[in-house]
Amino acid sequence: MVIPQPADIAPEILAILETVHDPEVPVLTVMDMGIMRKVEQNGTHLTIHISPTYSGCPAMDTIADDLKTAFSEHGFTTDIELVLAPAWTTDDMSEAGKRKLEEYGIASPLEATADKEALMGEAHKVKCPRCGSTNTHLVSAFGSTACKAHFKCKDCLEPFDYFKCLK
Amino acid sequence: MLNNSLYRYLLLLGDNSLILGHRLSELCGHGPNLETDIALTNHSLDLFGQVRSYFQYAAKIAGEGTEDSVAFLRYEKDYLNVHLVEQPNTDFAHVICRQFLWDAYHLPLMKALMKSKDETLAAIGAKGEKEAAYHLRFSSEWMKRLGDGTEESHKRLQSALDHLYRYSYELFKESEVEKEMKEKGIGADLGKILEEWKKTTEDIFRSSNVSPSDDPPAIAKGKQGFHTEHMGFILAQIQYMQRAYPDMQW
Ligand SMILES: [Zn+2]
């Protein structure tokens, strides 16, 4: 299955999708996150397939409710289906999404090899979203939510979250 | 219980994650430090996420009920988890050792399920594999840190391993259902998982300076629905809300 790109979705629907945000990372819309798998439209009824980021991500239920609410305000009824395949990876996140993450103070995911080295504490590759230094250090591979790790910058001394690479 | 092999296989898989996830959730607010507390509850969340996928699918096969009724409304004998995951959080060394013995099994299990002929199981495996890899990395690091740490941490880890190792055999003792699922190309081949498990555990035991005891395997028939004395207490806690307020939702 191909992940639908904004161009594949009717502009009217896309505009509504872009108003629904991740409750845990509120700067990201569901389109930025890349969790959208399929949108089927039948008149004013929509079936929306989304894929969870992590299996137990508690934000998914909230996102499903928020999608329903947003669409009902525009006269649509919706069924939300959680689908596991194809599994979500951090590559599905849009470039705009990654940029918004950084601006929000969360370091965006590195590619898989660099990520592994960073999370094993072997290499200093995660860039501090506040001062840009890579003189950073892993505090814990498990952070405030399932998708993040906890880092600290040794230059500006600020702690920050790093969005883990998932592939 | 529904007499359907795939249904029973899903319970077998899901119950291990459910009970271990519950044990880890007991540590919420009680971890030895903030980072470890958060890490272990993150593990718990991942496991519960997998449980939801297994049980949603099980409810669909059963044609009745929901993931909640599968999780909360069975009797003890209908739970098919192994005894390892029921073992209590005696101390941090026990928590880590139990987790490591499990993770070293869980990662190759997920990899095997990715190749399942059953599409849903293959998808659950693909999702779980990434999470299991993170978990194994975490527990392996702590095994080394405790085993190769102070005299006290080493003593505690060795004593945890002495207690828990006997329960690891049950993971690989193939039940009827597992055999059938393996033969149909749906389930994992436990023999192959054992090979992987041995490689991983021997390697980490070596770098942690601990050695497994040669005590005989614990007599454990969790996969047949017989449990340790801990299980009743676990279920009392897990099921209380659904029993007291049937069909309640958050
Ligand atoms: Zn900095």
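This text goes through the contact between two chains and then through single residues of a predicted model. Residues are numbered from 1 along each chain as its sequence is written, and chains are lettered from A, ligands numbered from 1, in the order in which they are written. Local features need pLDDT of at least 70, side-chain atom pairs count only at pLDDT 80 or more, totals for chains, interfaces and linings use all residues, and side-chain values use heavy atoms, with hydrogens and water left out.

The interface comes first. Chain A gives 26 residues to the contact and chain B gives 21 residues, where contact means heavy atoms within 4.5 Å. Between them the chains bury about 2000 Å², with 64% of it on carbon and sulfur atoms. Buried area here is the accessible area (1.4 Å probe) that two parts lose on being put together, summed over both. On the side of chain A, the residues that lose the most area to chain B are S55(A), L84(A) and F142(A), together 36% of what that side buries.

The rule finds one salt bridge across the interface of chain A and chain B. A salt bridge is a side-chain nitrogen of Lys or Arg within 4 Å of a carboxyl oxygen of Asp or Glu. D61(A) and R52(B) meet through their side chains in a salt bridge, at 3.2 Å from N to O.

Two or more residues each of the chain A side come from α5 (112–119) and β5 (136–140) of chain A. The largest share, three residues, comes from α5(A). Helices (H or I, at least four residues) and strands (E, at least two) are DSSP runs, numbered from the N terminus. By residue class, the side of chain A that touches chain B divides into 14 nonpolar, seven polar and five charged. In this division Ala, Val, Leu, Ile, Met, Phe, Trp, Tyr, Cys and Pro count as nonpolar, Asp, Glu, Lys and Arg as charged, and the others, Gly among them, as polar.

H135(B) lies in helix α5 of chain B and counts as buried because its relative accessibility is 0%. Buried means under 20% relative accessible area, exposed over 50%, and partly exposed in between (1.4 Å probe, protein chains only). Leaving aside neighbours within four places in sequence, H135(B) is in contact with F142(A) from the other chain, and with H43(B), D46(B) and D103(B).

The loop between α4 (92–113) and α5 (119–147) of chain B holds S116(B). With a relative accessible area of 10%, S116(B) is buried. A polar atom of its side chain lies 2.8 Å from the backbone oxygen of I186(B). Beyond four places in sequence, the contacts of S116(B) are L121(B), A122(B), G185(B) and I186(B). T228(B) is placed in the loop between α8 (190–208) and α9 of chain B, and it is buried because its relative accessibility is 11%. Its contacts, again beyond four places in sequence, are E76(B), H83(B), E86(B) and Q87(B).

Aromatic side chains form a further theme. Over all chains the count comes to 13 aromatic pairs. Rings of Phe, Tyr and Trp (its six-membered ring) pair if their centres lie within 6.5 Å; planes under 30 degrees apart count as stacked, over 60 as edge-to-face and the rest as tilted. W102(B) and Y105(B) are a tilted pair because their ring centres are 5.5 Å apart and their planes stand at 55°. Both lie in helix α4 of chain B, three residues apart, about one turn of the helix, and both are buried.

Some backbone details remain. The peptide bond from A85(A) to P86(A) is cis, with omega near -5°; P86(A) is in the loop between β3 (77–82) and α4 (95–104) of chain A. L157(A), a residue other than glycine, has a positive phi near 70°. It sits in the loop between β6 (148–153) and β7 (159–163) of chain A and is exposed, with a relative accessible area of 56%. D247(B), also not a glycine, has a positive phi near 65°. D247(B) is in the segment after α9 (230–244) of chain B and is exposed at a relative accessible area of 66%.

Key:
Polar contact = N/O pair within 3.5 Å; in protein donor to acceptor, adjacent residues only side chain to side chain.
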